[in-house]
Amino acid sequence: MSKTRNIKIFDTTLRDGEQSPGASMNIDEKLRIAHLLEKLNVDVIEAGFPIASDGDFEAVKRVAQAIKGPQIAGLSRANNMDIDRAWEALKYAGERGRIHTFIATSDIHMKYKLKMSEAQVIETAVKAVKRAAGYTPNVEFSAEDAVRTRLPFLAQVVEAVIAAGAKTVNIPDTVGYTIPSEYFNIIKYLKDNVPNIDQAILSVHCHNDLGLAVANSLAAIQAGAEQVECTINGIGERAGNCSLEEVVMALRTRQDIMPFTNNVVTEHIYAASKLLSTITGIVVQPNKAIVGANAFAHEAGIHQHGVLMEKTTYEIMTPESIGLNQNKLVLGKHSGRHAFIKRLEELGYDLGKEDIEKAFVRFKSLADQKKEIYDEDLDAIVADEIIRIPEVYKLLQMNVSSGSFAAPTATVELEVDGKVKKTAQMGDGPVDATFKAIKKLTGSQARLLHFSVGAITGGTDAQGECTVRLESDGREVLGQGAHPDIIVASAKAYINALNKIATAPRRNDIHL
């Protein structure tokens, strides 16, 4: 398969990526991600699972209405209700709307989950594809848990759904079980044994449970796959999905042995990574490939010397190729609105006039406290002021006293459903006291699973950024907050998480 092929990039950040614990996004947040995916020029945006909730349906509908470049996909199980609901949301995208339907094909899923025979599975899959094809010719079928499916049966299913009208057939590694050589052979088997395989695009969707999602996807491409399903930062269920930035940059960097093209504008990769991290609160690990803080850092003396002499000695790609500008524009209190807006745009933010004004006011306020404002500060400002969810609980003011000779005490004033409430609580430390006060005012029974705080930038005047993870009734949510005072940042993060619990609709998540 050495012939040059164009590999379609199917981004499922808004659907599979959102299934990361605590990563639920509201409609406005999904639209911001979708607009940046449009700039990235991905081929397909899977915007959600329309029947999962009213919120998911509305998000898919809004993305279908707003995005003009990529195709817009909506997931559906192999039944009429799901498929009809999916098209009701996707129809606004017209011919770019894609119904993505699926059913499991492995023995373990058929026996214990579906309780169906092989014949019943094929019949259900064919009926689903025909139903979807009645709305649009742009139909994708997925064989859930394909890599644990017996190959002769998998080939039967693929042949049948293509004959029924599927234009794309996905072979997902649903549980992250396979390894590159095995996955290569699965794709090659289908290419060699499905008579009508040339009538459909063969797609792959890999999970990262063994850390092999990107490697498996690349192996599948080499075996003949023509579409890769992936997410920004590799977020997703359990250990996540194939990372968009990693698979795209691998294809770009290793043209010598993988002579395949794709349409992604890689210069928007870093902005997409930062925006997603800002919205979800899921921090990218420093040593993460491509977009991690250390991805282009060189500490070893011999490395530094080599890079100074010739970058290619230790850099296989340039920071600029992913949109990371090494000569960052540093803003301060004398910076004007024009420079501020320009930098936001470079970071991938497309804000309306009202949001720009709110962010600019916050920027000026922060600039009075800090000498220099960095990109990370701007990300925090946008997250704190613009990318917000409906506020059932709103922090009005707080005061904390703490020290080695007195019990830490927090006095907190909140607006709860429009009513002002105030209380004071003691705790083991200032953060504990603050959280106890907030819990008393809100009546929340949510359990704190994780708490972390760090400096957004260097220096003692840096903003503190806090992340909390709460669990309530089996649901996990992440909350974020940023402020020069780390106790205030902690309170804002805790309240942000409580607002997500109070306002986020329940979802009926589906796993591919």
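**The β10–β11 pairing**

Author: β10 and strand β11 (residues 419-426) pair in the antiparallel sense, over eight bridges. The model is a predicted one. Within this pair, Leu414 stands opposite Lys421 in β11. The two strands form a hairpin, with two residues between them. Asp417 sits in that turn and has a positive phi of about 50°.

β10 has another partner. Strand β9 (residues 393-401) runs antiparallel to β10 (residues 409-416), and eight bridges join them. Here Asn399 faces Thr411 in β10.

Now the helices. Two packed helices are described by the angle between their axes and the distance between the axes. Take helix α6 (residues 151-164) and helix α7 (residues 180-193): their axes come within 10 Å and cross at roughly 50°. That angle makes α6 oblique to α7. The crossing of α6 past α7 is right-handed. On the α6 side, the residues that meet α7 are Leu151, Pro152, Leu154, Ala155 and Val158. On the α7 side they are Ile186, Tyr189 and Leu190.

Next, helix α13 (residues 353-369). At 1.5 Å a residue, its 17 residues should span 24 Å. Its end C-alpha atoms are 25 Å apart, which agrees. Buried residues in α13 are Asp355, Ile356, Ala359, Phe360, Arg362, Phe363, Leu366 and Ala367. An α-helix has 3.6 residues a turn, so residues three or four places apart point the same way.

Asn233 lies between β8 (227-230) and α9 (244-253). Its relative accessibility is 12%, so Asn233 counts as buried, the cut-off being under 20%. Beyond its neighbours within four places in sequence, Asn233 is in contact with Ser243, Glu245, Ser273, Leu276, Ser277, Val284, Lys288 and Val291.

Leu210 lies in the loop between β7 (201-206) and α8 (213-223). With a relative accessible area of 54%, Leu210 is exposed, since the cut-off is over 50%. Leaving aside neighbours within four places in sequence, Leu210 is in contact with Gly176, Tyr177 and Thr178. Leu324 is 114 residues from Leu210 along the chain, and their C-alpha atoms are separated by 29 Å.

Notes
Residues are numbered from 1 along each chain as its sequence is written. This is a predicted model: local features need pLDDT of at least 70, side-chain atom pairs count only at pLDDT 80 or more; totals for chains, interfaces and linings use all residues. Side-chain values use heavy atoms; hydrogens and water are left out. Helices (H or I, at least four residues) and strands (E, at least two) are DSSP runs, numbered from the N terminus. The expected span of a helix is 1.5 Å times one less than its number of residues. Buried means under 20% relative accessible area, exposed over 50%, partly exposed in between (1.4 Å probe, protein chains only). Contact means heavy atoms within 4.5 Å. Two strands pair if DSSP finds at least two bridges between them. Axes are lines fitted to C-alpha atoms, for helices over the stretch in contact, and angles run from 0 to 180 degrees between N-to-C directions. Angles under 35 degrees count as roughly parallel, over 145 as roughly antiparallel, 65 to 115 as roughly perpendicular and the rest as oblique. A crossing is left-handed if the near helix is turned anticlockwise from the far one by less than a right angle, and right-handed if clockwise.
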